[in-house]
Amino acid sequence: MELKTYLSTNNITQSKFVELLDTYDLSVTQGAINKWVNGDRIPRKKEMAVIYKASEGQVAPNDFYKLD
């Protein structure tokens, strides 16, 4: 599932997602998350791994690539 969909489905703001990622020792800005959500940037390998864990596998690395 795309990060944008995950956040809206689970009623999580980008700011709250920053806090969630911080609990996994990943410090990112809300601006970085906004770029990921809007497809302007793709998370790095470490960031993707933490997003996968924090979303309990609902947002996977492949979800950031438009392969359709």
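Student: Where is the place of D63?

Tutor: D63 lies in the segment after α4, where helices (H or I, at least four residues) and strands (E, at least two) are DSSP runs numbered from the N terminus. This is a predicted model, so local features need pLDDT of at least 70 and side-chain atom pairs count only at pLDDT 80 or more, while totals for chains, interfaces and linings use all residues. Residues are numbered from 1 along each chain as its sequence is written, and side-chain values use heavy atoms, with hydrogens and water left out.

Student: How is the accessibility of D63 to be read, and which residues does D63 touch?

Tutor: Buried means under 20% relative accessible area, exposed over 50%, and partly exposed in between (1.4 Å probe, protein chains only). D63, at 23% relative accessibility, therefore counts as partly exposed. Contact means heavy atoms within 4.5 Å, and, when residues up to four places away in sequence are not counted, D63 touches M1, E2 and Q58. D63 and L3 are 60 residues apart in sequence, yet their C-alpha atoms are 7.8 Å apart in space.

Student: At what angle do helix α2 and helix α4 pack?

Tutor: Axes are lines fitted to C-alpha atoms, for helices over the stretch in contact, and angles run from 0 to 180 degrees between N-to-C directions. Helix α2 (residues 14–22) and helix α4 (residues 45–54) pack at about 100°, with their axes 10 Å apart. Angles under 35 degrees count as roughly parallel, over 145 as roughly antiparallel, 65 to 115 as roughly perpendicular and the rest as oblique; α2 and α4 are therefore roughly perpendicular to each other. On the α2 side the contact is made by F17, L20 and L21, and on the α4 side by V50, I51 and A54. These residues divide into 6 nonpolar, no polar and no charged, where Ala, Val, Leu, Ile, Met, Phe, Trp, Tyr, Cys and Pro count as nonpolar, Asp, Glu, Lys and Arg as charged, and the others, Gly among them, as polar.

Student: Which residues of α2 are buried, and which residues of α3 are buried?

Tutor: In α2 the buried residues are Q14, F17, V18 and L21. They cover an arc of only 110° around the axis, which puts them on the same side of α2; the arc is that of the directions from the helix axis to the C-beta atoms. What covers these buried residues of α2 includes α1, α3 and α4. In helix α3 (residues 30–37), A32, I33, W36 and V37 are buried. Their arc of only 140° around the axis puts them on the same side of α3, and the buried residues of α3 pack against α1 (3–9), α2 and α4.

Student: How many aromatic pairs does the structure hold?

Tutor: A pair of aromatic rings is described by the distance of the centres and the angle of the planes. Rings of Phe, Tyr and Trp (its six-membered ring) pair if their centres lie within 6.5 Å, and planes under 30 degrees apart count as stacked, over 60 as edge-to-face and the rest as tilted. The structure holds 1 aromatic pair. The ring centres of Y6 and F17 are 6.2 Å apart and their planes are at 65°, so the pair is edge-to-face. The pair links distant parts of the chain, Y6 in helix α1 and F17 in helix α2, 11 residues apart. Both Y6 and F17 are buried.

Student: What is the phi of N11, and what is the phi of E56?

Tutor: Most residues other than glycine have a negative phi. N11, in the loop between α1 and α2, is not a glycine but has a positive phi of about 55°, and N11 is exposed at a relative accessible area of 73%. E56, in the segment after α4, likewise has a positive phi of about 55° although it is not a glycine, and E56 is exposed at 70%. Following α3 comes G39, whose phi is positive, near 75°.
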